[in-house]
Amino acid sequence: FPSHDRNDEKALTECWYASQWVVLPQKSGRDMLHCKLSNRSLDALFGCQFAIQQYRLLQYALCKMFDFDLGEISATSTHCHLYSDQLEYTKELLTRTPTYKSGEIKIKKDLNNLKDLLSLQWEDIEVVGHEVNKTPFKTPKPKMAA
């Protein structure tokens, strides 16, 4: 079969290569959506947080669309690594006090079908009550690996 995603033109295959979605009933009678992610290679400084946040947002949107409760998200990863130009920044990151407060995601748009889901814009999403440590880093932020 011909390739539709042009794997022959890619330097590497995708790092996050699979996701498994499971809906389980709860004692309350409502269903809960869980997500399990699989990863072949992980840039621990940048890639991990970004990808898990994006999948969590997708999970939240699917819960809204199908009227499920939000379940767990978990990930299995291999070849977790830091690049050499990330070491000093990572050392500083590990010394910081995590002064954050978890917030709530609100999707302001009705999600009734796939078209609604695929047409989501950042303006449709609101994060309320989320706080992070905004103390500026002393170490310059390294570039993401290309």
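Predicted model: local features only at pLDDT ≥ 70, side-chain atom pairs only at ≥ 80, totals over all residues.
**Overall picture**

- The C-alpha trace of the protein spans about 50 × 50 × 30 Å along its principal axes.
- Of the 146 residues in the protein, 25% are buried.
- The protein carries 19 positive and 19 negative side chains. The centres of these two sets lie 4 Å apart.

**The sheet of β1, β2 and β4**

- Three strands make up an open sheet, in the order β1-β2-β4, with mixed pairing.
- Strands β1 and β4 (69-77) stand at the edges and have a single partner strand each, so one side of each is left without a neighbour in the sheet.
- Neighbouring strands of this sheet are turned against each other by 15 degrees on average, with direction ignored.
- Helix α1 (residues 47-66) packs on the sheet and touches β1, β2 and β4. The direction of α1 makes about 150 degrees with that of β4.
- As a general point, strands of a sheet pair through backbone hydrogen bonds, in either a parallel or an antiparallel sense.

- Strand β1 (residues 16-25) pairs with β2 in the antiparallel sense, over nine bridges.
- Two bridges can be picked out by residue: Leu24 has Met32 in β2 as its bridge partner, and Pro25 has Asp31 in β2 as its bridge partner.
- Five residues lie between the two strands of the hairpin. In this hairpin, Gly29 takes a positive phi near 95 degrees.

**Ser38 and its surroundings**

- Ser38 belongs to strand β2 (residues 31-39).
- Leaving out residues up to four places away in sequence, Ser38 touches Cys15, Trp16, Tyr17, Ala18 and Thr76.
- Ser38 and Cys15 are 23 residues apart along the chain, and their C-alpha atoms are separated by 8.5 Å.
- Of the residues that Ser38 touches, Trp16, Tyr17 and Ala18 fall within the range of β1, residues 16-25. Thr76 falls within the range of β4, 69-77.

**Two loop residues with positive phi**

- Asp67 is found in the loop between α1 and β4. The phi of Asp67 is near 60 degrees, a positive value in a residue other than glycine.
- Residues over 50% relative accessible area count as exposed; Asp67 is therefore exposed, because its relative accessibility is 52%.
- His79 is found in the loop between β4 and β5 (80-81). His79 has a positive phi of about 50 degrees, although it is not a glycine.
- His79 is also exposed, because its relative accessible area is 55%.

How values were computed
Residues numbered from 1 in each chain as written. Heavy atoms only, no water. Buried < 20%, exposed > 50% of the residue type's maximum accessible area, 1.4 Å probe, protein only. Lys, Arg positive; Asp, Glu negative; His and termini not counted. Charge placed at Lys NZ, Arg CZ, Asp CG, Glu CD. Helix = DSSP H or I, 4+ residues; strand = E, 2+ residues; numbered from the N terminus. Contact = heavy atoms within 4.5 Å. Pairing = 2+ DSSP bridges. Axes fitted to C-alpha atoms, helices over the stretch in contact; angles between N-to-C directions.
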